[in-house]
Amino acid sequence: MNYKNPDEYGYYGEFGGAFIPEMLYPNVEELQRNYLAIIESEDFQKEYQFLLKNYVGRATPLYYAENLSKKYHTHIYLKREDLNHTGAHKINNALGQVLLAKRLGKTRIIAETGAGQHGVATATACALLGLECIVYMGEIDIQRQAPNVARMKMLGAKVVAATSGSKTLKDAVNEALRDWINNPVTTHYVIGSVVGPHPFPDLVARFQSVISKEIKEQLKEHIGRENPDYVIACVGGGSNAAGTFYHFVEEEHVKIIAAEAGGHGIESGKSAATTFLGTLGVLHGSKSLVMQTNDGQVIEPHSISAGLDYPGIGPFHAHLFQEKRAEFFSINDDEALQSAFELTKLEGIIPALESAHALAVLDKKTFNENDIVVICLSGRGDKDMETYLKSYEL
Ligand SMILES: Cc1ncc(COP(=O)(O)O)c(C=O)c1O
């Protein structure tokens with residue numbers, strides 16, 4: 001089974017494609033025609049790899065978490081994406097896409113952001129490479145991720161509030177798409193996850209695939225073999241997960257686990273666990289699993305973590321789910337908080353709330369004592385300190 005690469009129309013099984021208004025067609029078509037040739041060119045790779053190493057700080061460590069391993073009676077490695085410049089995996093994609101935009105002759109960059117990490121990463125890449133940057137962000141997220149809003153502004157980006165719907169990530173994507181329709185010639189839309197019309201899911205997955213490429217090389221060094229028994233990552237749209245799974249999806253002995261945001265619980269009406277609650281639908285330009293009513297209205301999601309507060313999931317993951325290639329867990333807000341405090345206490349690492357959802361799988365699944373379990377620590381928790389402090393006081 002081919003899990004990694006979509007077909008020429010951008011389909012992973014029955015999921016994917018490009019469902020776009022006519023006005024977006026020239027932009028999307030331009031990308032579809034050019035993205036592979038550009039990003040695979042020697043010249044592009046030279047510049048991108050140089051920046052990943054010298055600017056982002058890659059390779060990120062694959063850290064053996066000894067205390068956590070003892071507690072869960074297994075072998076746990078953390079892929080430290082939190083140690084990237086700007087504090088999360090998002091920079092791998094943002095930098096790649098801004099380099100691509102420059103080669104397409106674009107001068108203006110737009111992006112959406114939930115937790116603010118993708119906004120910060122895009123604003124950073126634009127500062128470095130000299131492009132104008134506008135970031136759309138839900139009004140609620142502007143409040144709960146205030147430190148990242150300040151960073152974006154300092155980096156020279158304009159932050160525009162999305163005030164419709166639940167005022168979170170979905171609404172920010174809507175605003176960004178609207179902007180792109182109005183500015184088709186000058187502007188590139190740097191989508192922050194493996195969502196959106198083809199070729200975005202594939203483009204973003206390729207830029208994030210450096211995560212699993214490095215895991216393979218580093219495991220070989222640590223334990224003499226490339227493949228772990230398990231890889232685990234949290235899924236909002238699914239970019240850190242796609243990067244973590246990418247080079248393992250066709251290794252049938254590697255088990256894949258995705259953690260979604262359960263919010264207050266799947267049955268509570270305040271959740272973002274798309275594979276549990278979603279049905280086939282079209283959201284933001286691609287066919288995938290979507291939380292929606294019977295007549296196709298998107299159901300407002302909820303998660304304590306802004307980065308997972310999304311009613312859809314990338315087509316790459318919907319396909320893994322449908323084919324039962326990956327096991328999906330729903331992690332509630334309180335379980336994620338507990339795991340964040342546990343990692344902090346045991347290993348001295350404060351994770352992002354999003355990444356804490358992946359860590360919480362350790363309480364849901366029993367591993368063997370010889371298993372090698374790799375968890376993607378997608379980002380650091382600086383942006384979440386206010387939420388952590390509030391829950392600590394309670
Ligand atoms: C640290 C971190 N992890 C995970 C995510 C979720 O996004 P994705 O599913 O695309 O990795 C975000 C999104 O903002 C994030 O900031």
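Good morning. I begin with the interface: 40 residues of domain 1 are in contact with 43 residues of domain 2, contact meaning heavy atoms within 4.5 Å. Please note that this is a predicted model, in which local features need pLDDT of at least 70, side-chain atom pairs count only at pLDDT 80 or more, and totals for chains, interfaces and linings use all residues. Residues are numbered from 1 along each chain as its sequence is written, and side-chain values use heavy atoms, with hydrogens and water left out.

The protein chain is assigned domain 1 (11-51 + 90-204) and domain 2 (57-87 + 209-391); these bounds come from an automatic or database domain assignment. Taken over C-alpha atoms, the domain centres are 22 Å apart.

I turn now to the ligand. Each of the two domains supplies at least three residues to the shell around the ligand. Of the 18 residues there, Ser193, Gly236, Gly238, Ser239 and Ser378 come nearest, where a residue counts as near if one of its heavy atoms lies within 4 Å.

Which side chains make polar contacts with the ligand, that is, pairs of N or O atoms within 3.5 Å? Ser193 places a polar side-chain atom 2.6 Å from a ligand oxygen. In the side chain of Lys90, an N or O atom is 3.2 Å from an oxygen of the ligand. For Ser378, an N or O atom of the side chain is 2.7 Å from a ligand nitrogen.

Terms used
A polar contact is a pair of N or O atoms within 3.5 Å; within protein, one must be able to donate a hydrogen and the other to accept it, and residues adjacent in sequence count only if both atoms are side-chain atoms.
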